[in-house]
Amino acid sequence: MTTTYVADVTVFDGRRVRRRQGVLIDGDRIGWVGPHARAPRRFADADETIEGAGRTLTPGLIDCHVHLSFDGSADFAAEARELDPAVGAIKGVVNARRHLAAGVTTVRDLGGLGITRLARAVERGVVAGPRILAAGRALTVTGGHGHGLGLAREVDGPGELRRAVREECREGAAVIKLMATGGVLTPGIDATSTAFTDEELRAAVEEAHARGRRVAAHAIGAAGVERAVRAGVDSVEHCVQVTDAAVREMVERGTFRSPTLSALLGIVSNADRVPAYAVEKAAAILDDARRTHRRCLRAGIRHVCGTDAGTPFNPHGNAPRELVAMVEWGMRSLDALAAATANGAELLGLPEIGTIEEGKLADLVLYEGDPVEDISVVLRPRAVWRAVPEN
Ligand SMILES: [Zn+2]
C-alpha cells in the first residue's frame, strides 16, 4: 500500500473548511486528518509528500444525474435511435473517464442502456471510472417522457410499476428513476404535464424502498413535483416549478433537489444547433428555473449536484460547471461544494464517501487555490484520487 501525505493544505471536508491541515492517504483509505502541525513524525516517511500550501483538498465530486450512454450531441433523439446495450456501454466507458478527469469520483446514471453492466465492470476493476450507481431504464407512462429514446420503458398502473421496479432491480439497478412529468427532450410532449398517478408513484416508491433502492423522480411541472414529493421519492430532478406546499413538504421530508442547470443551459446556449422543439420548451421554463432555484435555496431545501450530462452540449465531467452555475444563480460556494460531496453521498446512501474523515474511502480532489472563495477553482483539478476496491 502506498502512502501519500498532503501537508499544510486547506481542507473542505464535505461540510466546512479547515486551514493548515494534514491528510494521510493510506492506500484506498484516509488514514489521518488533523492540523498539519500535529501530524505524527512518521508521516515524513510516507511514499510521497505533496506540498499543500495554497491548495485545497475536497472529497471527490458526486454527480447525481448523468446519462453515460449519451455523448451530449445536439440531437438527443437522433443519438437515442442508434443506441443499444453494447453501444451504450462502449460510450459509457469513454464518458466515465471524462468524469474522473474532472474530479468526479461517483455518478448516478438515471437512464440508459448497458450501464448496469458497466457499473459492475468498473466495480471489478475491469475498466477505470467513477463509482456508478445505475438506474437501468427509467420508468415512464405510455407515451411519456423518454419513450422511444431507449433510456425508458413504458409502464402503466400500480401493478405494472411494481413489476417493472422488481425487473430493473433484477437487471442490476441500484436506484429507480421515475418520469413524473413530461420533458424537454422528448418530441411531441409537454415538458410540465403530469404523468404517473399518486397511486402509481406510491407503488413504485414502496417497491423500490422495500428493495433498498432510492428513488429519483424527473419532475419539471409543479403538480408533478408535488405528487412525487408526497409519494416519498428521495430526490426531485430538475424541479423547475414548485408550489408552496411542495416546498414545505420537501423541507420537512428532507427531499433532495437536483436542479440540473447544465441541461437547460446547454440547450438554450446552443439554440441554433439543438432541435427547435427542445429549444422552445427549454426557453419557456428558464425563468421558472431561475426563480425556483432561489426560492428553494431560501427555503432551506437540501441540494445535490446533478448535471444531466449526456443531454445536448452537456458533456460528461460537467459537474464543476454545474457548481459554477448553481453559484451564479444564487447558491453560496460552500453549499454548492457540500451539495456535490456530503449531500450527494447522503442521497446515494454511501456513508464511506462524500466527506474527508479518518477511515473513509480516499476519493479526493486537490485544487490550486480555494474553491470556497472562488468556485471557478473547481474547473481545474490538479490531482484526483479514486479509491479502487480491492478485488
Ligand atoms: Zn436526465
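V94 is part of helix 2 (residues 85–101), where a helix is a DSSP run of H or I with at least four residues, numbered from the N terminus. This is a predicted model, in which local features need pLDDT of at least 70, side-chain atom pairs count only at pLDDT 80 or more, and totals for chains, interfaces and linings use all residues. Residue numbers start from 1 along each chain as its sequence is written.

**V94**
- V94 counts as partly exposed because it has 13 C-beta neighbours inside 10 Å. A residue is buried with 20 or more other C-beta atoms within 10 Å of its own, exposed with 12 or fewer, and partly exposed in between, with C-beta atoms placed from the backbone.
- Between the C-alpha atoms of V94 and G129 there are 8.9 Å, although 35 residues separate them along the chain.

**Helix 8**
- Helix 8 (residues 261–268) has 7 of its 8 residues buried, so it is largely enclosed by the rest of the structure.
- The buried residues are L261, S262, A263, L264, L265, G266 and I267.
- They pack against helix 9 (276–299) and helix 10 (319–328).

**The largest nonpolar core**
- A nonpolar core is a set of buried Ala, Val, Leu, Ile, Met, Phe, Trp, Tyr and Cys residues joined through C-beta atoms within 7 Å.
- The largest one has 123 residues, and V23, L178, A204, A228, V233 and L323 touch the most other members.
- Helix 11 (residues 333–348) supplies the largest share of this core, 9 residues.
- Domain 1 (3–59 + 354–385) and domain 2 (61–348) both contribute residues, so the core lies between them; the domain bounds come from an automatic or database domain assignment.
- Apart from neighbours within four places in sequence, L323 is in contact (C-beta atoms, placed from the backbone, within 7 Å) with C305, A336, A340, I375 and V378.

Technical notes:
Helices (H or I, at least four residues) and strands (E, at least two) are DSSP runs, numbered from the N terminus. Two residues are in contact if their C-beta atoms, placed from the backbone, lie within 7 Å.
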